[in-house]
Amino acid sequence: MTIVLMPGLFCLTIFSAPRMRAALGANIDVFTIMPFDFGGGAEMYGSTVNAANGLKKQLKTAFGWSDATAYTHVGISGMNGYSDQSEITTTAIWTNIRNWTNANHIARPAFWSVNGDRGCAGGGVQETCSGIAQSDWAFTQITAR
C-alpha cells in the first residue's frame with residue numbers, strides 16, 4: 001500500500017490506512033509513504049523523517065507495536081532531485097535519509113524514479129533526469145549501500 005502525501009490529504013490517508021488495515025485484518029506488511037510535494041522549498045531530510053515518524057506513530061497506535069517493530073513496517077519512496085513543487089533532494093540529502101532508514105531498520109527505502117537517476121543540472125523537473133548535478137545512477141548506488 002502506498003500512502004500519497006499531499007497537502008490537505010495527509011491526515012486523512014496517514015491516519016486511516018493503518019487503522020483500516022488493522023480493522024480488516026488485511027495482510028499488508030509494509031506501508032510506504034511518498035514524502036514529497038510538501039510545498040516549495042521544503043527541507044527534505046527533516047520533512048521525510050517527520051513523515052516517516054508520523055506513519056510509525058500511526059502503526060504503533062493501530063497495532064500496538066513498539067517503535068522498533070513499527071519501523072520494520074515503514075517504507076519510504078522519496079523524490080530524487082527536483083520535485084514538481086521545487087523541492088530538491090540532493091545526493092547528500094538522500095545519503096542522510098538512507099543513513100536514517102538504515103539506523104531505524106526501515107523496511108523499504110526507495111526513491112521515486114530510477115528512470116530519472118541521471119544528472120542534468122538546472123534541468124528542472126524532467127522524465128529522464130533528476131534536474132540536479134549528479135553522476136548517473138547516484139541515487140541507486142546510495143540506496144544500495
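Colleague: In this predicted model, is phenylalanine 31 buried or exposed?

Modeller: A residue counts as buried when its relative accessible area is under 20%. Phenylalanine 31 has a relative accessible area of 0%, so this residue is buried.

Colleague: Is the pair of phenylalanine 31 and phenylalanine 63 stacked, tilted or edge-to-face?

Modeller: The structure holds seven aromatic pairs, and this one has its ring centres 6.4 Å apart. Planes under 30 degrees apart would count as stacked and those over 60 as edge-to-face, whereas the planes of phenylalanine 31 and phenylalanine 63 stand at 45°, so the pair is tilted.

Colleague: Which elements of the chain does this pair link?

Modeller: The two residues are 32 residues apart, and the pair links distant parts of the chain. Phenylalanine 31 belongs to residues 31-34 and phenylalanine 63 to residues 44-63, which are strand β2 and helix α2.

Colleague: Which residues lie nearest the centre of the largest pocket?

Modeller: The largest pocket has a volume of about 220 Å³, and its lining divides into six nonpolar, seven polar and three charged residues. Of the 16 residues that line the pocket, those nearest its centre are Met79, Tyr82, Trp112, Val125 and Gln126.

Note on methods:
Residues are numbered from 1 along each chain as its sequence is written. This is a predicted model: local features need pLDDT of at least 70, side-chain atom pairs count only at pLDDT 80 or more; totals for chains, interfaces and linings use all residues. Side-chain values use heavy atoms; hydrogens and water are left out. On a 1 Å grid over the protein atoms alone, a cavity is a set of points where a 1.4 Å probe fits but cannot get out, and a pocket is an open set with protein on both sides within 12 Å along at least five of seven lines; lining residues have an atom within 4 Å of a point. Grid points are joined across faces, edges and corners, and a volume is the space filled by probe spheres set on the points. Ala, Val, Leu, Ile, Met, Phe, Trp, Tyr, Cys and Pro count as nonpolar, Asp, Glu, Lys and Arg as charged, and the others, Gly among them, as polar. Rings of Phe, Tyr and Trp (its six-membered ring) pair if their centres lie within 6.5 Å; planes under 30 degrees apart count as stacked, over 60 as edge-to-face and the rest as tilted. Helices (H or I, at least four residues) and strands (E, at least two) are DSSP runs, numbered from the N terminus. Buried means under 20% relative accessible area, exposed over 50%, partly exposed in between (1.4 Å probe, protein chains only).
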